[in-house]
Amino acid sequence: MQRADLLAILKRTFGYGSFRPLQEEIITDTLAGRDVFALLPTGGGKSLCFQLPAIAGGGLTVVISPLIALMKDQVEGLQASGVAATFLNSTLSSEESKARFRGLYRGEYKLLYLAPERVMLSGFVERLPELGVRLIAVDEAHCISEWGHDFRPEYRQLASLRQTLPGVPFIALTATATLRVREDIVRLLELRDPRCYTASFNRPNLSYRILPKSKPTEQVIQWVKARPEETGIVYCQSRKSTEALAERLRAAGVSAQAYHAGLEPKQREKSQDNFLRDRTRVMCATVAFGMGVHKPNVRFVMHYDLPKNIESYYQETGRAGRDGLPGECVLLYSSADVIKQKAFIEEKSDPEEQRIAREQLQQMVHYAESGGCRRHMLLSYFGEHDFPVPCNGCDNCLEPKERFDGTVPAQKFLSCIFRLKQASRFCVGMNHIVEVLTGADTEKIKRWGHDQLSTYGIGKEHSRAEWQTIGRELIRLGFCSQSAERMSTLDISAEGMAWLKARSPLNLTRPTATTKSRPSRPTIEGDVVCDEFLFAQLRTLRRTIAEERNVPPYIIFPDVTLRHLAARQPSTEAEFAEIPGVGERKLRDFAAPFLELVVQWKKERGRA
Ligand code: ADP
Ligand code: ZN
């Protein structure tokens with residue numbers, strides 16, 4: 001199939017003018033009958049990679065999808081674009097299943113969505129070869145691996161489709177990157193000489209920011225109230241705090257709900273559904289709120305507590321901005337949280353698990369405290385080291401942290417460690433060092449005679465929190481080493497000793513506790529500047545139509561389409577058809593009410 005033909009289908013069916021990175025290559029290979037493995041970030045447009053071949057290629061495409069809610073959404077989305085799609089799962093009555101089967105035998109559908117357990121039902125597999133299957137798409141393919149975060153044993157059986165449907169190509173898709181998971185997918189799905197595509201994990205439309213955590217609940221309320229039209233997720237560590245925060249937000253007049261694994265399944269489903277349908281603006285959730293979240297217009301993801309590791313942080317923030325419009329990722333950070341996490345880690349019984357957890361926490365602390373580009377740090381974690389900085393989309397690039405001459409404080413800190421070790425012949429932890437520096441009057445200091453040291457009380461010009469930050473930066477710079485056991489102690493490293501002797505000048509980052517945070521908004525890729533009032537009206541109209549049809553609003557049009565509408569303000573159907581996200585079917589179904597609103601709006605403002 002020619003490039004022009006693919007582009008024509010893309011425009012006609014989905015209303016898009018161009019492909020996202022790697023989509024075209026993946027689609028071309030898939031249509032040529034090759035096995036394909038596609039690793040694209042969240043929001044990278046994975047669905048299109050099998051939907052377009054299904055539309056272009058003839059025959060039936062079977063899509064394996066792990067969640068019933070997701071399946072339903074995707075099928076509704078396709079139907080709204082005029083694509084014949086259906087699903088089979090345990091929620092259907094046997095009448096309904098039979099009717100759908102009859103349609104499948106008559107070749108009425110281009111796509112069939114299935115839960116993996118369905119594939120194994122006896123009587124079902126035997127019928128598959130009669131349905132003219134032309135492609136198998138395995139979505140969320142990481143579910144096949146125990147190393148992934150969402151292992152589903154049923155996925156293991158999928159390879160048997162290779163025997164049932166010999167010669168039918170597979171396409172496996174995921175956003176989960178680790179090498180182990182990747183290998184598992186290729187091996188366990190028995191992919192044959194697959195073409196592997198990996199897109200950059202950069203999310204250009206997301207911005208990253210750390211806010212020093214002081215009064216977190218008020219900080220969240222303030223943030224959310226400053227964005228009255230926007231929807232977002234606030235991740236909290238405990239079930240209790242999700243509920244408390246939702247309560248406080250509601251008291252402040254914000255529609256908010258809690259979501260965690262302790263809720264009744266019915267309640268969870270309702271919470272999620274309200275969020276998907278734009279009835280709830282803010283979801284206060286534990287990490288249990290995850291894979292099912294395909295809501296495209298999540299505009300911010302806040303972390304109320306410190307995430308466990310960089311990978312989870314990337315996955316969780318990744319739920320913002322699937323639609324390509326800007327999304328803000330904010331982490332509320334305090335060193336008190338680090339201490340809390342450390343205490344959790346000490347409670348673990350397995351030393352290996354403890355070691356990994358400590359290492360992961362250290363990486364998270366580094367992410368939060370470093371003055372470097374946050375996007376660069378995230379991408380380096382996934383092995384993309386050459387991302388150019390500044391990125392223009394993180395706080396450190398937009399408002400570089402103040403640096404100060406840290407020569408004297410560093411000397412004080414390191415000499416203090418040195419003197420302590422000399423006097424006591426053992427190393428102590430960060431807290432004790434800071435207490436000696438600031439001249440604290442503690443029982444331990446007296447007992448060990450540390451108030452007699454020359455470094456006792458020489459650091460009163462900084463607060464304890466500031467000294468902690470300075471100390472952590474010295475660890476990051478390699479001037480101190482931190483022991484890995486229970487009560488982690490600090491020692492001067494060889495580099496630290498060398499530096500103390502050489503006494504060359506040293507710049508440090510000014511501790512965040514003393515810098516003002518300016519919550520300015522970054523200008524970030526993906527933004528569509530438009531009339532916000534018209535946009536708000538278009539959203540109201542969309543919601544009405546969505547409620548009538550009983551589908552989530554984004555099934556009608558994504559936010560991007562509404563923003564383009566509010567920017568270009570078309571008056572005719574021909575102009576309307578040019579808007580991204582408007583395919584033939586949606587033009588027919590929805591142009592009239594939206595055009596009427598736009599034209600009326602222009603008339604009222606004398607612009608018609
Ligand atoms: P993923 O599954 O990779 O997270 P989706 O398939 O859900 O991503 O796609 C994310 C969003 O991007 C959807 O709203 C989809 O309609 C949109 N999209 C996909 N491909 C394109 C494209 N070529 N141009 C514009 N938007 C696209
Ligand atoms: Zn940056």
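Trainee: How far is an oxygen atom of ligand 1 from an N or O atom in the side chain of Tyr-16?

Mentor: A polar contact is read from the distance between two N or O atoms. In this predicted model, an oxygen atom of ligand 1 lies 2.8 Å from such a side-chain atom of Tyr-16. Backbone atoms take part as well: an oxygen atom of the ligand is 3.1 Å from a polar backbone atom of Gly-45, and one is 3.4 Å from a polar backbone atom of Gly-44.

Trainee: How much of ligand 1 does the protein bury?

Mentor: Ligand 1 taken alone exposes 570 Å², of which the protein buries 82%.

Trainee: Which residues surround ligand 1?

Mentor: There are 13, the closest being Tyr-16, Ser-18, Gly-43, Ser-47 and Arg-322. By class, the shell holds 3 nonpolar, 7 polar and 3 charged residues.

Trainee: Which residues of helix H2 are buried?

Mentor: In H2, residues 23–31, the buried ones are Gln-23, Glu-24, Ile-26, Ile-27, Asp-29 and Thr-30. Their packing partners include helix H1 (3–14), helix H3 (46–57) and strand E1 (36–39). Just after H2, Gly-33 has a positive phi of about 90 degrees.

Trainee: How many disulfides are there?

Mentor: A disulfide requires two cysteine sulfur atoms within 2.5 Å. By this rule the count is 0. Cys-196, for instance, is in no disulfide, and the nearest cysteine sulfur, that of Cys-49, is 14 Å away.

Trainee: Why does Cys-196 count as partly exposed?

Mentor: Cys-196 counts as partly exposed because its relative accessibility is 46%. Cys-530 counts as buried because its relative accessibility is 13%, and buried means under 20%.

How values were computed
Residues numbered from 1 in each chain as written. Chains lettered and ligands numbered in written order. Predicted model: local features only at pLDDT ≥ 70, side-chain atom pairs only at ≥ 80, totals over all residues. Heavy atoms only, no water. Near = heavy atom within 4 Å. Polar contact = N/O pair within 3.5 Å; in protein donor to acceptor, adjacent residues only side chain to side chain. Areas by Shrake-Rupley, 256 points an atom, 1.4 Å probe, with all protein chains shown as cover. Nonpolar A, V, L, I, M, F, W, Y, C, P; charged D, E, K, R; others polar. Buried < 20%, exposed > 50% of the residue type's maximum accessible area, 1.4 Å probe, protein only. Helix = DSSP H or I, 4+ residues; strand = E, 2+ residues; numbered from the N terminus. Contact = heavy atoms within 4.5 Å.
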